[in-house]
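Hi everyone, thanks for coming. Please have a look at the structure on the screen, and I'll walk you through it.

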Amino acid sequence: MLYDVAVIGGGPSGAVAAAELARAGVSTVLFERNFDNVKPCGGAIPLGLIEEFNIPAELVEKKLSRMRARSPKGRVIEMRMPNGYVGMVRREKFDSWLRSEAEKAGAVVLEGLVNTIRPSANGFVISTLNDKVPPVEALRIIGADGANSKTADELHFPANELKVIAMQQRFKYTPSIRKFSDIVEIWFDGEVSPDFYGWIFPKADHLAIGTGTEDNKYNIKALQKRFIQKIGITDTPYLDEAAKIPMKPRKSFTAEKSILVGDAAGLVTPANGEGIFFAMRSGKLGARAMIEHLKKNTPLKNYEDEFRKLYAPIFFGLEVLQAMYYRNDRLRESFVAICADDDVQRITFDSYLYKKMIPAPWSTQMKIFSKNIYHLIKGS
Ligand SMILES: Cc1cc2nc3c(=O)[nH]c(=O)nc-3n(C[C@H](O)[C@H](O)[C@H](O)COP(=O)(O)OP(=O)(O)OC[C@H]3O[C@@H](n4cnc5c(N)ncnc54)[C@H](O)[C@@H]3O)c2cc1C
């Protein structure tokens with residue numbers, strides 16, 4: 001069977017891309033290595049994503065509009081989002097629902113680990129390790145197979161440059177940890193992460209606690225252990241999970257007949273490690289460019305150009321923020337102090353919720369700039 005498009009990877013980016021293609025009448029096959037995959041992930045998504053992709057209410061386990069930032073010295077700033085919330089989803093349910101939407105739209109969804117992608121007269125032949133799934137031919141490919149993308153390797157895309165390794169543990173609620181059940185907590189503390197941050201995310205029936213650090217630099221297990229000790233939790237987790245987060249877009253994520261989306265393309269923002277939104281948006285934008293390409297022979301590069309035009313300022317801003325404040329505890333202390341400012345909170349949450357850079361009035365920008373300088377010099 002010859003398909004128009006083969007999507008490799010059935011996480012958020014691939015499932016959204018497959019659904020978009022199938023809805024437009026493009027014959028689409030989606031490969032997912034394991035339908036029961038539990039992607040290690042905090043599962044925090046912004047309101048804008050929930051609205052844009054019509055995520056059903058039952059998948060959003062918690063809607064949290066309160067957040068705490070904690071500094072290395074233990075200073076705690078409590079923040080509120082007056083105009084929205086962070087939604088908490090559980091990836092095993094979320095991804096499976098997204099794949100079912102793709103199937104409903106008409107995509108053929110197959111289970112199998114893709115291990116080779118070979119050029120063919122029409123495009124590509126894709127083979128999996130599942131004996132029951134014969135090789136499939138497709139004109140075009142969308143690689144949506146995550147941070148360690150096999151598609152990117154097989155099709156010779158430039159490397160994913162910066163990877164963070166993140167670990168998370170899940171704890172069932174007990175009386176001693178129930179106090180964390182209705183607030184997001186973020187720890188900026190060198191003992192928890194020397195170059196990223198630690199998080200406490202409440203879910204319906206458990207607490208997800210995790211931390212991250214640049215891959216191969218520090219011992220992630222030791223950092224996570226220290227984090228749990230610092231929080232004061234003595235319960236035993238029922239699940240340990242870890243995975244890489246690619247926090248820099250590849251130098252190029254489009255080719256003549258193929259594109260990469262989501263983590264495969266390296267589309268996770270620095271500083272906060274947010275990837276679900278960018279995975280789903282890139283899946284949608286990539287699929288739309290693919291539809292145009294198949295109909296009118298427009299270049300696939302249009303997808304990458306559009307993505308960069310929309311989001312490069314956000315990636316750049318967060319890269320600067322991480323480089324400026326995540327270097328040592330003195331700077332982290334300053335960062336948390338700045339978070340106390342109402343204008344900083346408003347701008348941060350508005351841009352987080354809908355991924356729009358809304359410029360603040362000049363007077364506010366000057367005030368924030370002065371506070372930045374003050375706290376950077378003072379170190380608090
Ligand atoms: C510990 C941790 C916490 C995180 N917390 C958050 C958070 O709270 N909020 C947020 O926005 N982001 C978070 N992220 C990032 C987020 O998880 C990713 O950015 C997001 O999952 C990317 O989606 P994706 O579809 O591109 O890739 P993935 O979700 O990685 O999906 C890739 C899919 O491809 C499949 N696959 C892989 N290889 C093959 C193959 N060869 N053949 C077939 N199928 C294959 C996999 O099984 C998987 O289902 C976190 C990441 C980690 C590691």
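The largest nonpolar core here has 97 residues, and A6 and A18 have the most contacts inside it. By nonpolar core I mean a set of buried Ala, Val, Leu, Ile, Met, Phe, Trp, Tyr and Cys residues joined through C-beta atoms within 7 Å. Helix 6 gives this core its largest share, nine residues. Helices (H or I, at least four residues) and strands (E, at least two) are DSSP runs, numbered from the N terminus.

Before I go on, a quick note on the model. It is predicted: local features need pLDDT of at least 70, side-chain atom pairs count only at pLDDT 80 or more, and totals for chains, interfaces and linings use all residues. Residues are numbered from 1 along each chain as its sequence is written.

Back to A6. Which residues does A6 touch, not counting residues up to four places away in sequence? They are V29, F31, F124, I126, V136, A138 and I141. Touching, or contact, means that the C-beta atoms of two residues, placed from the backbone, lie within 7 Å.

Let's pick F31 from that group. F31 sits in strand 2, and it counts as buried because it has 26 C-beta neighbours inside 10 Å. Our cut-offs are 20 or more other C-beta atoms within 10 Å for buried, 12 or fewer for exposed, and anything in between for partly exposed, again with C-beta atoms placed from the backbone. Leaving out residues up to four places away in sequence, F31 touches A6, I8, L110, G112, V114, I126 and T128. F31 and A144 are 113 residues apart along the chain, yet their C-alpha atoms are separated by 9.5 Å.

For a contrast, find L321 in helix 7 (residues 301-325). Is L321 buried or partly exposed? L321 is partly exposed, with 16 other C-beta atoms within 10 Å. Between the C-alpha atoms of L321 and E20 there are 34 Å.

Now let's zoom out. The protein chain has 10 helices and 17 strands. Its radius of gyration, taken over C-alpha atoms, is 21 Å, close to the 21 Å that the globule rule gives for 380 residues, so the chain is as compact as a globular protein of that length. That rule is 2.2 Å times the number of residues to the power 0.38. Buried residues make up 44% of the 380.

The chain is divided into domain 1 (2-37 + 91-158 + 250-316), domain 2 (44-89 + 161-246) and domain 3 (318-378); these bounds come from an automatic or database domain assignment. Where domains 2 and 3 meet, 18 residues of domain 2 are in contact with 16 residues of domain 3. On the domain 2 side, helix 2 (47-52) and strand 6 (76-80) are the elements that give two or more residues.

Finally, the ligand. Where does the ligand lie? It lies between domain 1 and domain 2, because both give residues to the shell around it. There are 39 residues around the ligand, and G9, G11, G42, G262 and G275 come nearest; a residue is near if its C-beta atom, placed from the backbone, lies within 6 Å. Among the elements that each supply at least two shell residues are helix 1 (12-23) and helix 6 (276-296). And helix 6 is the one that gave the core its largest share.
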